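User: I've got a model open and would like to talk it through. Can we go over it piece by piece?

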Amino acid sequence: MYAWVWRHLPGPWPIRLLIYLILIAAIVYALFIWVFPWAEDAFNISEVTVG
C-alpha cells in the first residue's frame, strides 16, 4: 500500500516526501477528531468491565 501511494504521488522525491507526510498527518488528524470519538460512542469502549 505504501509503495502504491509513493508511486502515484507527483514530483521529485522531496516533494513526494512532503506530500506523503502531509497525507499521513491528515489521516492521523481525522482518526483522532472523527473516527475514534465515533468508535467510542458506537462500541461503548469507555465502559470496560473486567471480571
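User: Leaving aside its neighbours within four places in sequence, which residues is Glu40 in contact with?

Analyst: Quick note first: this is a predicted model, where local features need pLDDT of at least 70, side-chain atom pairs count only at pLDDT 80 or more, and totals for chains, interfaces and linings use all residues. Numbering runs from 1 along each chain as its sequence is written, and side-chain values use heavy atoms, with hydrogens and water left out. Glu40 sits in helix α2, and contact means heavy atoms within 4.5 Å. On that basis, the partners of Glu40 are Ile45 and Ser46.

User: Is Glu40 buried, exposed or partly exposed?

Analyst: Buried means under 20% relative accessible area, exposed over 50%, and partly exposed in between (1.4 Å probe, protein chains only). Glu40 has a relative accessible area of 39%, so Glu40 is partly exposed.

User: How many helices and strands are there in the protein?

Analyst: Helices (H or I, at least four residues) and strands (E, at least two) are DSSP runs, numbered from the N terminus. By that count the protein has 2 helices and 0 strands.

User: Where is the kink in helix α2 centred?

Analyst: The bend at a residue is the angle between axes fitted to the seven residues ending there and the seven starting there. Helix α2 covers residues 13-43, and its kink of about 40° is centred on Leu31.

User: What is the radius of gyration of the protein?

Analyst: The globule rule is 2.2 Å times the number of residues to the power 0.38, and the radius is taken over C-alpha atoms. The C-alpha box along the principal axes is roughly 55 × 20 × 15 Å, and 8% of the 51 residues count as buried. A compact globule of 51 residues would come out near 10 Å, but the protein has 17 Å.

User: How far apart are the end C-alpha atoms of residues 17-36?

Analyst: UniProt, in an unreviewed entry, puts a "transmembrane region" at residues 17-36. UniProt positions are in the numbering used here, feature names are shortened, and annotations may be inferred rather than shown by experiment. In the model that span is 100% helix and 0% strand, with its end C-alpha atoms apart by 27 Å.

User: What kind of aromatic pair do Tyr29 and Trp34 form?

Analyst: Rings of Phe, Tyr and Trp (its six-membered ring) pair if their centres lie within 6.5 Å; planes under 30 degrees apart count as stacked, over 60 as edge-to-face and the rest as tilted. The structure holds 4 aromatic pairs. For Tyr29 and Trp34, the figures are 6.2 Å centre to centre and 85° between the planes, and the pair is edge-to-face.
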